[in-house]
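Here is my note for a first look at this structure. Please read the points in order, with the model open beside you.

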Amino acid sequence: MSFVPVIGLEIHTQLQTNSKLFCGCSTTFGAPPNEHTCPVCLGLPGALPVLNRRAVELAVKAALALGCTVHETSIFARKNYFYPDLPKGYQISQYDKPLATEGALEFESRGETKRVGIIRVHLEEDAGKSLHEGLHDSDRMTALDFNRSGVPLIEIVSHPDVRSAADAGEYFSRMRAILVATGVTDGNMEEGSLRCDANVSVRRSDATGLGVKTEIKNINSFRNVQRALEYEIDRQIGVLESGERVVHETRLFDPASGRTLSMRSKEEAHDYRYFPEPDLPPLQIAADWIEQLRRALPELPDARRSRLVAQYAIPDYDAGVLTQSAALADYFEATAAASGNAKAASNWVMGEVTRKMNELGTPIGEVPLGPEALGGLIRLVDSGTISGPTAKEVFEKMYSTGRAAAEIVEAEGLARIDDEGAVQAAVMKVLDANADAVKQYRAGKKQTYGFLVGQVIKSMGGKANPALVNSIMRRALDKDPA
Ligand SMILES: [Zn+2]
């Protein structure tokens with residue numbers, strides 16, 4: 001019996017604002033505990049919320065980038081629950097009248113186009129943080145840090161359209177790329193700017209309807225979304241195959257063991273006793289503001305990927321790698337323009353430049369070798385001034401010194417050798433030194449030819465023009481059949 005997983009994802013992302021959603025406190029990450037707090041975000045009696053316009057703008061941008069309909073009127077609602085990091089006893093969120101509804105995210109996954117519908121995008125505030133460890137009395141106490149309390153979030157809820165753990169990871173990764181490209185979030189997953197909850201159930205492939213689902217909370221990497229779902233899908237199949245029933249519950253993923261663990265039985269919406277937030281008027285967004293934001297949207301990663309393939313005739317794979325960040329794609333496009341050779345630019349950016357970035361932990365914005373300089377290096381290769389192996393050597397020197405390619409080639413005598421006399425002399429020297437190989441070649445063992453050419457190129461420090469070496473070598477071998 002085979003089973004089909006049915007997965008829906010809820011992504012929470014912190015909006016890149018300077019201040020919180022309903023007060024003027026800073027959103028800067030990493031401040032000492034409770035530094036960024038005030039009566040509003042501490043939930044003190046009588047404090048009233050004032051909505052942050054910038055947060056609304058970013059939420060609208062995200063919704064538009066996902067193809068959602070942004071509603072001119074939406075309603076804030078209280079989601080009531082008790083938790084020590086939620087001092088008001090409720091979270092201000094949106095419920096039956098959210099900011100935006102019905103969009104989709106489409107992406108290529110293993111050669112197929114996947115479409116995941118978006119049910120809604122709504123605004124809400126983040127909660128504070130409970131600190132269970134790291135303090136001198138952590139064995140007895142839980143401490144509370146309210147710096148995060150009131151930080152603006154959007155929640156993006158998908159339809160249960162995802163059918164594999166791998167696609168779920170891909171969806172999360174594409175979502176991050178879109179939210180970063182539109183400036184909605186900084187996308188910093190280590191700092192919790194982007195988190196994912198996954199709802200998953202499995203059903204027999206011959207059944208209709210949905211199985212009982214579980215929710216896995218707060219997964220914070222693409223890889224862990226995939227791992228958590230792989231584990232949970234297998235776990236649920238095991239439960240069903242043994243004749244038991246899956247329990248509707250919330251589970252936590254433990255990255256160390258790769259397992260999901262039961263956390264609590266799942267609340268239903270009515271447990272939260274939602275009602276309209278009486279301290280905030282309905283959120284009204286003017287249609288012309290929405291249109292203005294729509295027009296100002298940047299090119300989205302998937303559109304850019306298609307354009308790079310069409311405009312530069314590079315493989316889709318290359319375009320996929322290059323559009324993982326807008327800055328990397330910018331760097332590639334500038335290098336392609338400077339070099340006049342897009343495929344070579346793509347190879348260098350995906351190859352040597354990325355290797356250096358990873359090796360040194362340098363973000364693309366801080367790579368010391370600019371697109372103009374890299375373009376100059378590619379032009380030297382294309383014009384035949386330097387050979388491929390020499391180019392890598394020059395690249396290393398450019399990277400560490402910031403000098404231009406032509407300058408390094410000139411100063412260090414790295415230019416390709418096109419001097420016929422010099423190549424002729426090197427060929428003769430190699431033939432003299434390798435009389436046995438020459439004899440074998442003339443006896444019909446043609447493989448020795450490559451060896452002899454290699455010896456010449458090596459003896460000239462990799463700088464000899466290979467075409468010239470070949471023609472002189474052939475002439476020498478054919479002319480003198482001793
Ligand atoms: Zn505050």
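1. Basis. This is a predicted model: local features need pLDDT of at least 70, side-chain atom pairs count only at pLDDT 80 or more, and totals for chains, interfaces and linings use all residues. Residues are numbered from 1 along each chain as its sequence is written, and side-chain values use heavy atoms, with hydrogens and water left out.

2. Make-up. The protein chain has 15 helices and 16 strands. These are DSSP runs numbered from the N terminus: helices are H or I with at least four residues, strands are E with at least two. Contact means heavy atoms within 4.5 Å. Of the contacts with a separation of 6 or more, 68% join residues 24 or more positions apart.

3. Burial. Of the 482 residues, 47% count as buried. Buried means under 20% relative accessible area, exposed over 50%, and partly exposed in between (1.4 Å probe, protein chains only).

4. A nonpolar core is a set of buried Ala, Val, Leu, Ile, Met, Phe, Trp, Tyr and Cys residues joined through side-chain atoms within 4.5 Å. The largest one has 63 residues, and Leu123, Tyr171 and Leu229 touch the most other members. Helix 1 (residues 53–65) gives the largest share of this core, nine residues. Beyond its neighbours within four places in sequence, Tyr171 contacts Leu9, Ile11, Leu105, Phe107, Val116, Ile118, Ile156 and Ser158.

5. Another core, of 33 residues, lies apart from the largest one. Its members include Ala345, Ile386, Met398 and Tyr399.

6. Thr335. Is Thr335 buried or exposed? Thr335 counts as buried because its relative accessibility is 0%. This residue sits in helix 7 (residues 326–339). Not counting residues up to four places away in sequence, Thr335 touches Ala345, Val349, Pro371, Leu374, Gly375 and Ile378.

7. Positive phi. Glu102, in strand 6 (residues 100–109), has phi near 50°, a positive value in a residue other than glycine. Glu102 is partly exposed, at 44% relative accessible area. Ala313 also is not a glycine, and has a positive phi of about 55°. Ala313 lies in the loop between helix 5 (301–312) and helix 6 (316–322), and counts as exposed at 65% relative accessibility.
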